[in-house]
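Open the model in your viewer and keep the selection tool at hand. We will go from stop to stop, picking a few residues each time and saying what is there.

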Amino acid sequence: MPGLDLFGSSNPSNGATVVEMPHPSPVPVPASEEKGEAQHSTELASVPRSPQAPAAYYNPRLDPKNFLEGPLSCNPATRLRQMLARPGIVVAPGICDGISARCALEAGFDCLYQSGAATTASRLGQPDLAIATLNDFVQSAQMVCSLNPTVPVIADADTGFGGPAMVARTVTQYARAGVAALHIEDQVQTKRCGHLLGKQVVSREEFLTRIRAAVIARDSIPGGSDFVIIGRTDSAQVLGMEEAITRLKLAAEAGADVCFIEGVRSAELLTATVEALAPKPVLVNVISGGLTPSFTTNDAEALGAKIIIFSLVSCVAAVHGIRAAMQSLKKTGTDFTSARGMDPKAFFEVMGLKEIIELDVRAGSKAFEVV
């Protein structure tokens, strides 16, 4: 299969490999974490390996040095690689639908993040508990990516929605939708938001199988794709920071382009993570009231992070705004106050009205000569 040739072969391994999860960690973990979760750290998991485990992945075409110079590409995946290779932090606000995506673009953001939690809430009205499917995420991504096809969209892909074949299908579907990057995590299939307690993770080897499948699928896309694979671990709260960093080092060897530890609890731990994983770029996820401190973009850049996402910035704001509008309507019987002077035309202008009218005129039509 195309893509397999970029993995070398290592020495044969006999039988099953026992993975310890984890050894005692020298990295301090706050006492506030769930005691129940820590019980998982003393277990041993027997992980079957194939006779020849893949060696470290390397694709010279995707070496960061190839993206240091030249104008920013119109291809969103290539553009994201250029942004990662060059100075400055990549800031990606979480969007949940077309309205939030339009508002983010209007504000001038040059990268967007399709949050799994936000998409699940917006499309289904449900919490982030592995309820949304691949089709839900892809359909949302197709719409978001179409609004400005040159702006990179980083999209949550949860666990990849199944085994290696399904992970590969996920990568292919996301790439066809116009997504620039996705992240695959190591939670069990019945996953939950990374900032909730009670998380469970799969073995190291199963996590790496997901990463390898994603990389192989990307490298199998005809023409050579620049699609970015982000390896995410949720193991810090379950097995400790040492295990989390180990998993991401292995993910990087398996071909992950970016590393993402969910729930980094302090600036010191973020700095240690960045140093341990260098030169791989590190992504940090900031959710107000979540496990990670409320780092600003400047804070995160100073600490060495290369990407910062604000997963729930749009959907939490939407809840506050819509809730207030509904309560005002219920109380006063009018939407005049909540509208704040925005008439229908002004609203549609945020949604791209002027661009549609311009297209109509250029095509020789007069359908929207008066609006």
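A search of the whole structure finds 17 salt bridges, a salt bridge being a side-chain nitrogen of Lys or Arg within 4 Å of a carboxyl oxygen of Asp or Glu. Before you select any of them, please note that this is a predicted model, in which local features need pLDDT of at least 70 and side-chain atom pairs count only at pLDDT 80 or more, while totals for chains, interfaces and linings use all residues. Residues are numbered from 1 along each chain as its sequence is written, and side-chain values use heavy atoms, with hydrogens and water left out.

**Stop 1: Arg 61 and Asp 226**

Select Arg 61 and Asp 226, whose side chains meet in a salt bridge with an N to O distance of 2.7 Å. Arg 61 sits in the loop between β4 (54-57) and α2 (76-85) and Asp 226 in the loop between α7 and β9 (228-233), so this pair ties together parts that are 165 residues apart in sequence. The helix and strand labels follow DSSP runs numbered from the N terminus, with helices (H or I) of at least four residues and strands (E) of at least two. Which partner is buried? Asp 226 counts as buried at 13% relative accessibility, whereas Arg 61, at 36%, counts as partly exposed. Here buried means under 20% relative accessible area, exposed means over 50%, and partly exposed lies in between, with a 1.4 Å probe and protein chains only.

**Stop 2: Asp 257 and Arg 218**

Next, pick Asp 257 and Arg 218, a salt bridge whose closest N and O atoms are 3.3 Å apart. This pair also links distant parts of the chain: Asp 257 is in the loop between α9 (241-253) and β10 (258-261), Arg 218 is in helix α7, and they are 39 residues apart. Both Asp 257 and Arg 218 are buried.

**Stop 3**

Now go to Asp 234 and Arg 232, joined by a salt bridge of 2.8 Å from N to O. Asp 234 is buried, with a relative accessible area of 0%, and Arg 232 is buried at 3%.

**Stop 4: two helix pairs**

Two packed helices are described by the angle between their axes and the distance between the axes. Show α6 (residues 164-177) and α7 (residues 204-219), whose axes come within 8 Å and cross at roughly 45 degrees. That makes α6 oblique to α7. The axes are lines fitted to C-alpha atoms, for helices over the stretch in contact, and angles run from 0 to 180 degrees between N-to-C directions. Angles under 35 degrees count as roughly parallel, over 145 as roughly antiparallel, 65 to 115 as roughly perpendicular, and the rest as oblique.

Then bring up α3 (residues 98-106) with α5, which pack at an angle of about 30 degrees with their axes 10 Å apart. That makes α3 roughly parallel to α5.

While you are here, click on Cys 96 in the loop between β5 (90-95) and α3. Cys 96 is buried, with a relative accessible area of 6%. Its C-alpha atom is separated by 9.9 Å from that of Ala 141, 45 residues apart along the chain.

**Stop 5: backbone details**

Most residues other than glycine have a negative phi, and most peptide bonds are trans. Select Ala 278 and Pro 279, which are joined by a cis peptide bond with omega of about 10 degrees. Pro 279 is in the loop between α10 (267-277) and β11 (282-285).

Ala 130 has a positive phi, near 60 degrees. You will find Ala 130 in the loop between α4 (116-124) and α5 (134-147), where it is partly exposed with a relative accessible area of 32%.

Arg 340 also has a positive phi, of about 50 degrees, although it is not a glycine. Arg 340 lies in the loop between α13 and α14 and is exposed, with a relative accessible area of 77%.

**Last stop: Met 342**

Finally, select Met 342, found in the loop between α13 (336-339) and α14 (344-350). Met 342 counts as partly exposed at 43% relative accessibility.
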